[in-house]
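Hi,

Here is the structure I promised to pass on. Have a look at it first, and then read my notes below.

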Amino acid sequence: MCEDLGFERLLGTEGFFARLLGRSPSGGGREPLYGPDLPVVLLTGGPGMGKGRLLRAVRDRFATKVPVIHVDCGSPVYADRAAPEPGARSAATEALVEAARRLGTWQGTGGSFAFPRLFAGLAMIATGVTEGTPDAVAAEVERYGDLPQKQHLRGLAAGDFWRGALRGALRNLLTTLSGQTLDPYSASVANALLDALFASLAPRGRTELARIYGAYPGAAGQPEHGLRDLAADFQTGGEERELAESFLFRALREDLEAAYAGALGWLRRVGRPAVLLDRAESPLGEQLLRAVLTDRRGGQRDRVVIVGTARRADGGAFLYGGLPPQEVPSPAEFRPADGVPPAWSRRTDSPAERAPLADGVLLLRMPLLTGDQLCLETERRQRRAEPEGGTNRRRIDAAVARLSGGRPHTVIRLAAAAAAFRMPADANDRDILDAPLRLPGSGDSERPVADVLLRELILEQLPVRLPAEHHDQWLDLLTHLSVAHDAECADVLLRHHQSDRVHRLTAHQVAQLLTDTGWPGCERHFIGDFGLRQLLVHRLYGLRPDGAAWYADHHLLRDHFTGRVAQEGASSGGAFRSVMAHRMNHHLVSGGVDDVVRHLAATLPGRPQEWCAELLEIAQAPYPGGADTRRERAQGLVAVDGPALRRTVDQLLHAVWLCEERTRPTGRETARTLAKLLDLLSIMEFDGAGQLGRTATDWSGLAENEQPLLRCACTDQLGRRR
């Protein structure tokens, strides 16, 4: 996998990250963006957009020149490390300790970092160990023994006022409490450790602890109170624990800031340090982001670059203080295709304590791959010369482009699977989803690329707020929902496929979970991402022999809307102009082609414009698996009974269906077919026939240029690659 594919502009010598960090990948200085009030940068994009890949590329490109730490907030390792001592550790503290330890071994300009301020807080929460004996507390404190003092170079005495803090604290603690058995929440342990910490520090160190922990909420400037309250809040749990953990993150950033401050730091250190929070939509990641955003909103300033990931396009609901995002001024955003990063400053038109956290954010929109980048990636992976002069590769390029929408991870996987794949004649783009893919490190085992993508984009990126009881059925539910157009459709399918469950998801809940995961919406399709929907449609057809699951879902919806038609007649059909059009759409793709043709032929006279709109809605649907005779039927090569009007409508329906499915090239041949059929209808003897001549011109022009005849958000995706 090419780690910088699509990110060249962001990672280059003059790119966004070089300016944000104040240092180029080669080590040259750069005028830093923003500051002293830095925005938190959130990389926004759903699954497969490359957020984690970009963070790893930033780390790999810059970490030898400036201190850059990558933290995977979605990893279970931090909770696992905290589990043996739940009263003295948490996932958040373990993540902070790991970040501090990595920075403590950094070997670039200026050398390693020390974290005495963070150490003091960690030492205090260590009093919550299970046994509560002096030995147990001392052993827990000793876990952090490499944090308070940096590794000194010979002859240098940087950080001397922290020297001996750990040894003195432990020695005094053991001496004071030797032989006593203590409750882990006893004030004796905390008091003894406080005395030990302050007694072992030089005056400058005591002043620093007073400044930091005297600012703990409720400490009133008294560092002993602040440290004691921090430990108590941590052991209380809940929101109080989150407050303590957030303050420890501030202490870590204060330690980093101190390393750059003063004459010595100014002379020895360059650029800005950075903490990269991958999978920051997880509870741990959101907590860390909330902590730094709250601190900076309150006036705390440091030069630490914080870059996190966000699946949601708006950055995450927590940024808006419970208000709908549309009621809050949008955060600043940067699209790499725009070239120059925007100016950024915090809004000052409302009191800081009431300002939404979104004010402190810069959203970096993850770029889709351009057509040129996509073609280069597929070409790079081709394994053999093509006697057809590149016809197969061009067809593969088109299939990869449509199925991926430019989503980088999907492009990479499909391009790799297509390396030795040949598209069948008149193939549907979805045929490429059966191509075998061998993943690195998997030996000789191969799997269909569709299975790999479904695992990586859905099963490995479940919605953060998806209840655990639905984890095992999430993929199956989405698979069935691939045939739904709106919430009514989705609820019909969900009720049916969850009928044996006590706990059930509604269409509203599923739509919210999809939004939270970063999948885009569409006014005409419940699964609003075109490529994801094609993956799910492909899986649905293969769930049972001969597409039985596909037909069952469409029959279910057809029957539902048949009942609606009987009750309500021509009322609105949600995503459709009418309930009847909605019914006919599902009837068309589940085997009722002849019925649909009869309906269309009967309803055309006297309403050509409304009829054309209804035709587009009915025909905007995927085609089931198996042999595809639409092209031949559109060209009149399949015998169809009935009068001329009905036969022509039959051909036109199949031509429009080809155009609207969006998984086959249309081009000039289909454009000519559309124009010919509409022109034929325009000279027939029925009311309003002449109005179809203009439609013939419009539709054929769109088809010739591979444009959708009926636009919606997900078909527009296909034309938005930059």
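A word on labels first: helices (H or I, at least four residues) and strands (E, at least two) are DSSP runs, numbered from the N terminus. This is a predicted model, so to speak of local features we need pLDDT of at least 70, side-chain atom pairs count only at pLDDT 80 or more, and totals for chains, interfaces and linings use all residues. Residues are numbered from 1 along each chain as its sequence is written, and side-chain values use heavy atoms, with hydrogens and water left out.

Now the cavities (sets of points on a 1 Å grid over the protein atoms alone where a 1.4 Å probe fits but cannot get out). Searching the whole structure turns up eight of 30 Å³ or more, where a volume is the space filled by probe spheres set on the points, joined across faces, edges and corners. The largest cavity comes to about 180 Å³. It is lined by 19 residues (those with an atom within 4 Å of a point), and H525, R533, Q620, A621 and P622 are the closest to its centre. Both α22 (530-542) and α28 (644-661) supply at least two lining residues each, with α22 giving the most, four.

There's also an open sheet of six strands, in the order β2-β3-β4-β1-β6-β5 with parallel pairing (two strands pair if DSSP finds at least two bridges between them). Its edge strands are β2 (68-72) and β5 (332-334). Inside the sheet, β3 (274-278) and β4 (305-310) pair over four bridges, and L277 stands opposite G308 in β4.

Cheers

Conventions. 1 Å grid on protein atoms, 1.4 Å probe; cavity = no way out; pocket = protein on both sides within 12 Å on 5 of 7 lines; lining within 4 Å.
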